[in-house]
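Thanks for making the time this morning. I would like to walk through one model with you, going from helix packing to charged pairs and then to a few individual residues.

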Amino acid sequence: METVKAKTEDKMKKSVAALSEELGAIRTGRASASLFDKISVSYFGKPTPLNQVATISIPEARLVVIQPWDKSIMKDIEKAILQSDLSLNPNNDGKVIRLNIPPLTEQRRKELAKQAKSIAENSRVAIRNIRREANDELKKKQKAGDISEDQEKSGADAVQKMTDKYIGEINKIAEAKEKEIMEI
């Protein structure tokens, strides 16, 4: 029964971590290096994450400076940024690429908030699915005679407490991201 709880908690932690990562990639009105986590650049013919071929710095709240280690990939970095869904215009001076992060329009803020809510809801569904799998496993063990009915009941209660805890964490993370998006 303890292995079921441990596996369940591990899966739930991973779901919450995945949510944080996914929400971190949503653009707010502020500059953030995590915006570029999903951007890959063609480097020697292979797609390479941008943060592995350049230094990404945030000197001001609305400015990102990307300094490639190899100047020959400046055009590739520009192209990758233009093709991303970030809607940013790179400014290349031959040494670094500067990106001004424009403030979001009210409509765009609402769209992003809606997207964040949707991502959070998908995470809640994932947590509930993990709970269902754990409860099914506990029932199987009880039917097989590995655990008693009381142990199955207490295991299901423990899984429910974990579910409530992690859904609460998801709600906190989602509210914080929504507040960040709606800030002017």
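Let me begin with Glu137, which, once its neighbours within four places in sequence are left aside, is in contact with Val4 and Lys7. Please keep in mind throughout that what you see is a predicted model. Glu137 belongs to helix α3, which covers residues 106–144, and with a relative accessible area of 30% this glutamate is partly exposed.

If we do not count residues up to four places away in sequence, Asn135 touches Ala156 and Val159.

That takes us to the packing of the helices themselves. Two packed helices are described by the angle between their axes and the distance between the axes. For α3 and helix α4, the latter made of residues 149–182, the angle is about 170 degrees and the axes are 10 Å apart, which means that α3 runs roughly antiparallel to α4. Sorted by class, the residues in this contact of α3 with α4 comprise 15 nonpolar, seven polar and 12 charged ones.

Helix α4 also packs with α1, in this case at an angle of about 10 degrees and with the axes 10 Å apart, so α1 is roughly parallel to α4. On the α1 side the contact includes Lys5, Thr8, Glu9, Met12 and Val16, while among the residues that α4 contributes are Ala158, Val159, Met162, Lys165 and Tyr166. The residues of this contact of α1 with α4 divide into 11 nonpolar, five polar and six charged.

Now to the charged pairs. Side chains of opposite charge can pair when their charged atoms come close. How many salt bridges does the structure hold? There are nine salt bridges in the structure, and I will pick out some of them.

One of these is formed by Lys165 and Glu9, whose closest N and O atoms are 3.4 Å apart. Because Lys165 sits in helix α4 and Glu9 in helix α1, residues 2–24, this pair ties together parts that lie 156 residues apart in sequence.

Back in helix α3, Glu111 and Arg108 lie three residues apart, about one turn of the helix, and their side chains meet in a salt bridge at 3.1 Å, N to O. Glu111 counts as partly exposed at 38% relative accessibility, as does Arg108 at 31%. Finally for this part, Glu121, Arg124 and Arg128 are linked in a network of salt bridges.

Let me close with two residues in loops. The loop between α2, residues 74–83, and β5, residues 90–92, is the place of Ser84, which counts as buried because its relative accessibility is 18%. A polar atom of the Ser84 side chain lies 2.7 Å from the backbone oxygen of Ile81.

The other is Phe44, found in the loop between β1, residues 40–43, and β2, residues 46–49. Most residues other than glycine have a negative phi, and most peptide bonds are trans. Phe44 is not a glycine, and yet its phi is positive, at about 55 degrees. With 72% relative accessibility, Phe44 counts as exposed.

Technical notes
Residues are numbered from 1 along each chain as its sequence is written. This is a predicted model: local features need pLDDT of at least 70, side-chain atom pairs count only at pLDDT 80 or more; totals for chains, interfaces and linings use all residues. Side-chain values use heavy atoms; hydrogens and water are left out. Helices (H or I, at least four residues) and strands (E, at least two) are DSSP runs, numbered from the N terminus. Buried means under 20% relative accessible area, exposed over 50%, partly exposed in between (1.4 Å probe, protein chains only). A polar contact is a pair of N or O atoms within 3.5 Å; within protein, one must be able to donate a hydrogen and the other to accept it, and residues adjacent in sequence count only if both atoms are side-chain atoms. Contact means heavy atoms within 4.5 Å. Axes are lines fitted to C-alpha atoms, for helices over the stretch in contact, and angles run from 0 to 180 degrees between N-to-C directions. Angles under 35 degrees count as roughly parallel, over 145 as roughly antiparallel, 65 to 115 as roughly perpendicular and the rest as oblique. Ala, Val, Leu, Ile, Met, Phe, Trp, Tyr, Cys and Pro count as nonpolar, Asp, Glu, Lys and Arg as charged, and the others, Gly among them, as polar. A salt bridge is a side-chain nitrogen of Lys or Arg within 4 Å of a carboxyl oxygen of Asp or Glu.
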